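This briefing goes through selected contacts in a single protein chain. Keep the sequence and the structure open while reading.

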Amino acid sequence: MRVDISNIKTSREVEKTLETLSPFEIKNELIRLAEEGALKSTATMLNAGRGNPNWIATVPREAFFLFGQFALDECRRNMDMEGIIAGIVQEKAGVAERFEAFIQKHANEKGATLLHKIYQYGIDKHQFDADAWIREWVEAVIGFNYPVPDRMLSHIEVVVHDYIAKEMCGTQALERKFDLFAVEGGTAAMCYIFDSLMQNYLLKQGDKIGLLTPTFTPYIEIPHLARYNFDVIYVQANTTATNGFHTWQYPEEELDKLKDPAVKVAFIVNPSNPPSCAMSRDTLDYIAAIVKDHNPGLMIITDDVYGTFINDFRSLMAVAPYNTINVYSFSKYFGCTGWRLGTIAIHEDNIFDKKIADLPEQHKKELRERYSTLTLKPDSIRFIDRMVADSRQVALNHTAGLSLPQQFQMMLFAGFCLLDSQDVYKTLAQSIIRKRLGLLWEGLEVEIIEDPTRVGYYSEIDVMVAAKHFYGDKFAAWLKANFEPVDVLFRLAERTSIVLLNGGGFAGPEWSIRVSLANLPTESYLILGKNVRKILMEYVTAWEDSQK
């Protein structure tokens, strides 16, 4: 029999049904309940369900809009019909000189300073031809041409590559460079990767894959679609501290599941979502050793979008570059989810090209036919370029590629941080989520233990672990017997107008809840923490009453 503690509308039966949905679908029902609750009280709905940040990087945007003015003037130099039609830029000489004069006129503006520094960076570090460099910018910001090369504009790729290498690999020396494919955010990257792995026979239906969990819900759902139907092996970050609370690292016995050569690919989010912890150096090295000594054919796909929120981050692309595809999205760090900016990075020397070269002749024949319209030597097309073609059903390869204004803004974000030698922006962005994390746990009245791997973009609160730690096994058993794991979410939505997501939907502990530290005003997190504690204490009071 259900214990009555401040009854809510959502019955246990309904909660059980809703638990089968993705957290992002449950969220819609929670929002509806929270909005109803807010209308009936003085509460303000606090939706900490999604990870869209509520800050933006301003200087790269100032640079974008400022350079757009220069680029429009360049187009009008070619043709100007009554001020409403201009021509596309054809000439290749003199544009850099005019750009320098333009920058002088705007010398006191932050956007102009950034533009000039990135311009000089390309010339000094990479010996770019000045006119070709600025000519590419004009073409990009105006967007009057198709992307050529379709994978990524050549000068822009070099700057973005430097940024990716710096942020994902740190000070570790790189023997070779990575090739980049500019894509519409990290989600598009994953779609393209999944598709091309299948199209090129690197994966097939029913293959065994390793999924490191907890993880972003779509990565849990995609492998089970009929198109893939993978045999999923879950590698769980289930380490705990002496007090029983999660540390969200992967024990060796879990990672050992990847030693099986039947496991073809490992899908990873690092730092994790929702625990928001980076892999320890020991874990990275252990995975690299597994690849070297036990499963050299293992392909690794690592989504490292949150890597910039922790100092000295190191990706698997740094320790196992031959086997790894890196996915990076600019969305969270720069506050640009609407821009849809992401990259796929693959080492020039990589296992994906090797596996394609070693395919059976019948598969090679089919792939020659698939890509035969692109080149007279389709066997020579690298995997990353096959992804570009596959992203447009091959036949539309000539119109493939991320839009040029998006590529230009991406380059400005990358250059902004490359040239920030004191990491001012990184320090500020990290300070936002650190402050919010501290306020959340202050509101919960739980001391937060320092952890060098903690990023803090999200916080995953395991209600069951807290129940056992503070009130013992009997209370935890009572809670589990009388309530569904999502009950706390519905109770929060109805009674306090707070929207959070269920951690179980991310293949995490079923009694955990995920809080985004990115998308609410900073002061809201103390209120949020207090309200979560208030709801949790209602369970405690009801249990204590039941024991009398």
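Lys-354 and Asp-358 join through their side chains in a salt bridge, with N and O 2.5 Å apart. Lys-354 is partly exposed, because its relative accessibility of 44% is between the limits of 20% and 50%. The model is predicted, and 27 salt bridges are found in the structure.

**Other salt bridges**

- Arg-151, Glu-157, Lys-177, Asp-179, Arg-382 and Asp-385 belong to one network, joined by salt bridges with shared partners.
- Glu-74 and Arg-98 form a salt bridge through their side chains, at 2.8 Å from N to O.
- Glu-74 is buried, since its relative accessible area is 4% and the limit for buried is under 20%.
- Arg-98 has 22% relative accessibility and counts as partly exposed.
- Asp-207 and Lys-264 form another salt bridge, in which the closest N and O atoms are 3.6 Å apart.
- Lys-264 is in strand β7 (residues 263-269), while Asp-207 is in the loop between α8 and β5 (208-213), so the pair links parts 57 residues apart in sequence.
- Asp-207 is buried at a relative accessible area of 7%, whereas Lys-264 is partly exposed at 25%.

**Packing of two helices**

- Helix α8 (residues 185-199) packs with helix α16 (residues 383-390), their axes being 9 Å apart and at an angle of about 105°.
- This angle of about 105° falls in the range of 65 to 115 degrees, so α8 and α16 are roughly perpendicular to each other.
- On the α8 side, the residues in contact are Tyr-192, Ile-193, Asp-195, Ser-196, Leu-197 and Gln-199.
- On the α16 side, they are Phe-383, Arg-386, Met-387 and Asp-390.

**Nonpolar surface patch**

- A nonpolar patch on the surface is made up of Met-79, Met-81, Ile-84 and Ile-85.
- Together these four side chains' residues have about 410 Å² of accessible area.
- Met-81, one of the patch residues, is located in strand β2 (residues 80-81).
- Met-81 has a relative accessible area of 45%, and is therefore partly exposed; this value also meets the patch requirement of over 30%.

Note on methods
Residues are numbered from 1 along each chain as its sequence is written. This is a predicted model: local features need pLDDT of at least 70, side-chain atom pairs count only at pLDDT 80 or more; totals for chains, interfaces and linings use all residues. Side-chain values use heavy atoms; hydrogens and water are left out. Patches are made of residues with over 30% relative accessible area and no salt bridge: like charges are joined within 9 Å, nonpolar side chains (Val, Leu, Ile, Met, Phe, Trp, Tyr) within 5 Å. Accessible areas come from the Shrake-Rupley method with a 1.4 Å probe; for residues, only the protein chains shown count as cover. Helices (H or I, at least four residues) and strands (E, at least two) are DSSP runs, numbered from the N terminus. Buried means under 20% relative accessible area, exposed over 50%, partly exposed in between (1.4 Å probe, protein chains only). Axes are lines fitted to C-alpha atoms, for helices over the stretch in contact, and angles run from 0 to 180 degrees between N-to-C directions. Angles under 35 degrees count as roughly parallel, over 145 as roughly antiparallel, 65 to 115 as roughly perpendicular and the rest as oblique. Contact means heavy atoms within 4.5 Å.
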